[in-house]
Amino acid sequence: MHSLLRLRAIPNVCDKSVRQCSLIRLLRVALAGPFSCQRIRPQQQRCFNNTAPVLKKRKTPVVTRAAAHNAPDPASRFPKPSAIRTEYDYRKKIFWYPQHQSKALRQLQNGIHHIDAVVEVRDARIPITSRNPAFEQVLGRRPRLVVYNKSDLANANMIQMLVEAHKRYTNDEVLFTQANRGKNIKAILDWAVGLCHSQPHRYPFLAMVVVGLPNVGKSTMINALRAVGVKKGKVSAVGPTAGVTITIQTRVKIYEDPPVYLVDTPGIFDPHITHPVEGLKIALTGATKDRLTEEEDVADYLLFRLNNSKLRERYPAALGLPNYSDDINVVLRFLAESHQFFLQGSMDGADKGIVSDMSGFDLAFDEEEVSEMAGRASTSQLDLRRAAKFMITQFREGKLGALTLDECTPQSLKDALLGTELL
C-alpha cells in the first residue's frame, strides 16, 4: 500500500517520462511484488520540490574479470541427468477423424472401379504407423507403388530393411522420395509408364489415385509429378499442416504419351489407433492438427526419442541447450527464456514496456528493485506451449537430425506388412 501511495505522488513531478506513464502501468508495477517501502532519498526529495528535476544518472555496471569468472554457468541450472527413461508410458488417446475423411473414404470405395493403379504415400519417419489397413480392403489387388516420402528426415539404415521386407511379404514396389526437392519423382512416372507399356491393351491410358495420411506430402508429390511430366505448374494446394486437401479432386494429367492421370485424395488415417503412443507419432510428424493434442506431451515424447537415439549428443546444440536433459519442463523453460517466449498480455506486445522501459521510475525505485521486478515477471509468465511448438517444428524441419520413430525390427515389419500386428 505504501508503494501505491508513493507512486501516486509521481505525476506531480514535471519529468516528462514520468508523466507519460499510465496509471494502469503504475498499478501493475506496484502489484508486481512486495517492494520495500524505503524512505525517499534526499536527492530524490529535491526532485519533487524543483520544477526541473534532475534525475540521478544510471550507473553502467562494470563486469570485472573476477565477476565474469564467478558468474553462474547456464549448465549449473541445467544438470545432465544421471539416467534417462528407456520406456515411455502414455495413455491419452487422440480422437480426430473429421467428417471429410469418412466422406472421402466412401467416395473412394464408390469410385474405385475407375482406378487402375494406386500410389500410397507413407511417412518414412513412421513407416509402420503411417500404413492404413483400410486401404488394403478398399483398393483391392490393383498394382500399387508404396512411396516413403520425407526419406531425408528418417534414418538411412532403415531403407534397406524396408525394401527387403516388402520383397519378402508383399508384391508392392517401393520408392523413397523427397517430394519437396523432386528426388525420385521421375521414378514414379517411370513406374506408371511401365505399366502402360507392359499391357497396352489393358492400359491405353492409366488412372492412378494417391492415398495416404494427412500432411504426408501427397499434394506436393502431384505438383512435382506434373512439373516433371507435362512441364506445368502446381494444381494442388499444399501446406505445412494437416487437412489442406479435404475433398477428392478431379484427375490431373501428369504424362502425355501414354496418357497418365492422377487423382489426389484427402489424408486418411486409421480411426482405430491401437496405442496412444502411435497417436503421439502421428501428431509429432504433423499428420493431425496441433491444437488437437497437448504440445507439451508431444515435445516430451520427442525428447524421449532423442535421448534414446544417436542424436542425444547432437540435439542440445541444435536447440541451444547446455546439454541433454530428460526433464521436459527444464527444457521448455530454458527454450522459453532463451527465445523470449512469454504469454500474451504479460511480456508480449505493448505490455512488454512495463519492464523493458523503466526510465519513468528512477524517482520511485532503485535499480535493484527494477531488476528484481523484471526477473520476477519474466520467470513467472513463460509460454511453455510456444516453446514446445518451437521444439516440434525444429524436428519436423530436420534441424535436430534424421530420426525414425517406429521400431523397425524384422518382426515388427513382418507383422505390419502382413497385417498381423493386431492379432
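Predicted model: local features only at pLDDT ≥ 70, side-chain atom pairs only at ≥ 80, totals over all residues.
Q: What about individual cysteines: do C196 and C408 count as buried or exposed?

A: Buried means under 20% relative accessible area. C196 comes in at 3% relative accessibility, so it counts as buried. C408 is at 6%, so that residue counts as buried too.

Q: What share of the chain counts as buried?

A: The figure is 46% of the 423 residues. As for what the chain is built from, its secondary structure comes to 18 helices and six strands.

Q: How do I read the packing of helix α12 and helix α17?

A: Two packed helices are described by the angle between their axes and the distance between the axes. Here α12 (residues 295-307) and α17 (residues 384-396) pack at about 45°, with axes 9 Å apart. Because of that angle, α12 is oblique to α17. The crossing of α12 past α17 is left-handed.

Q: Which residues make the contact?

A: On the α12 side, look for E295, E296, V298, A299, L302, L303 and L306. On α17, pick out L384, R385, A388, K389, M391, I392 and F395. Sorted by class, the contact has ten nonpolar residues, four charged ones and no polar ones.

Q: And across the chain, what percentage of contacts between residues at least 6 apart in sequence join residues at least 24 apart?

A: That comes to 77% of those contacts.

Note on methods. Residues numbered from 1 in each chain as written. Heavy atoms only, no water. Buried < 20%, exposed > 50% of the residue type's maximum accessible area, 1.4 Å probe, protein only. Axes fitted to C-alpha atoms, helices over the stretch in contact; angles between N-to-C directions. Helix = DSSP H or I, 4+ residues; strand = E, 2+ residues; numbered from the N terminus. Parallel < 35°, antiparallel > 145°, perpendicular 65-115°, else oblique. Left-handed = near helix turned anticlockwise from the far one by under 90°. Contact = heavy atoms within 4.5 Å. Nonpolar A, V, L, I, M, F, W, Y, C, P; charged D, E, K, R; others polar.
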